[in-house]
Amino acid sequence: MTIAQSPAWKSLAGHAADIRRLHLRDLLQNQDRCAAMTAEHDGIVLDFSRQNATPETMRMLLTLAEEAKLRERIKALVGGEKINNTEKRAVLHVALRAKKGEKILVDGVDVVPGVLKVQAQLKAFAEQVRTGKRKGATGKKLTDVVAIGIGGSYLGPEFVFEAMRTDPACAKAAAGRRLRFLANVDPIDVTRALDGLDPATTLVVVISKTFTTAETMLNARTVRAWLVKKLGEKAVAKHMVAVSTNLKEVAAFGIDPANAFGFWDWVGGRYSVCAAVGLLPLALQFGWKPVQQFLDGAHSLDRHLVEAPFERNLPVLLGLLGVWNSSFLGHGARALLPYCQALLKFAPHIQQVDMESNGKRVATDGSVLPFEAGEIDFGEPGTNGQHSFYQLIHQGRVIPADFIGFRKSAQPVQGKGEPVSNHDELMSNFFAQPDALACGKSDVELRTEGVAAELIPHKTFPGNRPSNVLLFAGACDPYAVGQLLALYEHRTAVQGFIWGLNSFDQWGVELGKVLAKQVRTQLATSRSAKGKGARIEGFNPATAALLKRYLAK
Ligand code: F6P
C-alpha cells in the first residue's frame, strides 16, 4: 500500500478543499493559531503561521507521519540500517557529527571511533599546513588551496565556506589564505580557479567519493599538469592530496594513499560536507575550531530530530509542510530566501540535497508513485531576490517560501545619521515580505487609496501565499550554519520517508553520463587524424546534425 492509499492521506486531500476557502489575511488575525504554529529549538524559531494550514491541518499531518511510520524510519536512519535499499547502504551522515561515547552501529561495528580518528587526522594535517610545518616542494608555505570536486563533493563545502568566511573569527583565522573551488569541467572554470595562484604555494585537494567522476578526474589531471609544469613531477606528493572512499583509484591516479583522507560508503555524496569532503578544505582555511562549532551545530539538530516530539520537531514540521504544499495544495516549487548574503550558496547546495534525493518517480519497492514527488528548490539571498523573481511569487505563481534570518549581523554597520542599522534595514524587508505574501492587497484597499481604476488589477496582490519564517537567535556563525545544514538535510529525509521513496540513491544522473561517453568517443574519433571526416554514427538525426555543425571546420 502506498501512503496515498492511507486514510490519513485521503482525509488530508479532503481537508485541502476546506483550507483553500480560507485566506491567510484572516487566519493571521487569530492569536491562538499564531501561537500554536511556532516551534523552537536551540535558538531557532520556526514560525509556520503563514502556511495555508490550521492546527487541525497539523494534527492531520502528524497522523500521516504515524501512518508513514516516520518514527521508525528516523530510527532506522540514525540506527545505521541499510535504508538505501537500491545500493544496500546505511545512511549515516549523522555519525559524522557524533560525539565521543555515542555509539552508531553498521553491520554490528561502531563507526564513531573511525569518524573521530579521521577528524583528528584532518585537524593535525590542517594545522601542519597552516603553520607551515608542512611545506610545498620549493620550501614555501602552502597558503592557497584548490578544492577539486563536483556535486556533493563541491556544493556543500562551497556553501559552508561562503557562509563562514565573513564570520569575524573565521575571517581572522583565514588571514593570508585563499580557498578556491574547481567543479565544472568547463576549462573556463580552471582559469577562474587558478587565476593568480602560484603552484609553489598551492595545495590541491581532489575530492571525489568514487574517484571516477569524469569532470573531477579531468580537472585533477589538468591541475596536476599545471603543478608539474612549474614544479616537476616529484612535487605532486607535496602538492596534491585526496578525499575519497576509493583509495585504490587515488593510488592509481598517482596520489600517495598516505596523503588521502577516507570516508565511508554510508555517507552519500550530497550528505558528505561533514566528512573529510568539507572538513578538509574548511579546516585548511579556517583551522579546526570553527569546523568543530559547525559540526556541533549540526549535531544539535541531529539530536533534536531524534528526541523532540513531532509537533515541536523542526525538520519534521518543515517536512510535513513540504508534503502538504506539494502533494495536497499542488505547489511544485519552493523558494529558499536567506536574508544573509553569507548564505548565497545555500540554495545551490539544497538544490542537490533535496532534488537529487526526492526527485524520484518510484517508491522504495519500485512501484510507480501515484503522485509527483520532489520539489523545485531555488533561491537567492534577500534583498537581492526581491529585485529579481519576487514579482512572480507575489502576483504570478504560488511558490511556498522559506525566509531565513538572523537576529544579529556577523558584520554590523550603523551609518552616522541613518535611522536604523544596515542589518535592521535588511531585516525590515525580512519581516515585511512574508506578510506581503500572506495578506496581499485587495482591490478595495487600492480603491480606498485612490488608485486609478485601470491600475487596480495590476496593483492587486491576491495574497494567501504561504511561507515559513526561520529566525536564528544570533548571527550567521559556524554553529548556526551547522544547524541550518542539518535542518534541511533532515527535512528532505522526512519528506522522502512520508512519500515512501528512497531519498538516498540517484539513478537519474546516470543516463546522461552514458550518452556523454558515446559523444566523447565520437568527438575523439572525428577529431583524430585518422578519423577526420569520420561518419557520425549511432545518434538520432537531430543530434547528428548538431554534432556535424560542432565539428565543422
Ligand atoms: O551527480 C551525481 C553524483 O554522483 C552526485 O551524487 C555526487 O555528489 C557527484 O556525482 C560527485 O561524485 P563523486 O564524489 O564520486 O565525484
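How do the residues of the lining of the second largest cavity divide into nonpolar, polar and charged?

Analyst: This is a predicted model, and in the lining of its second largest cavity nine residues are nonpolar, one is polar and none is charged. That cavity has a volume of about 50 Å³, and its lining is made up of Leu96, Val115, Val118, Gln119, Leu122, Trp264, Cys274, Ala275, Ala276 and Leu279. Two elements, α6 (112–131) and α13 (276–286), each give two or more residues to this lining, and the largest share, four residues, comes from α6.

The largest cavity has a volume of about 70 Å³, and by class its lining holds four nonpolar, four polar and four charged residues. The residues that line the largest cavity are Gln51, Leu318, Leu321, Gly322, Asn325, Ala333, Arg334, Glu375, Pro400, Asp402, Asn468 and Arg491. Here α15 (314–328) and β10 (333–338) each supply at least two residues of the lining, with α15 giving the most, four residues.

Taken side by side, the lining of the second largest cavity has no charged residues, whereas the lining of the largest cavity has four; α6 gives the largest share to the former, and α15 gives the most to the latter.

Note on methods: Residues numbered from 1 in each chain as written. Predicted model: local features only at pLDDT ≥ 70, side-chain atom pairs only at ≥ 80, totals over all residues. Heavy atoms only, no water. 1 Å grid on protein atoms, 1.4 Å probe; cavity = no way out; pocket = protein on both sides within 12 Å on 5 of 7 lines; lining within 4 Å. Points joined across faces, edges and corners; volume = space filled by probe spheres on them. Nonpolar A, V, L, I, M, F, W, Y, C, P; charged D, E, K, R; others polar.
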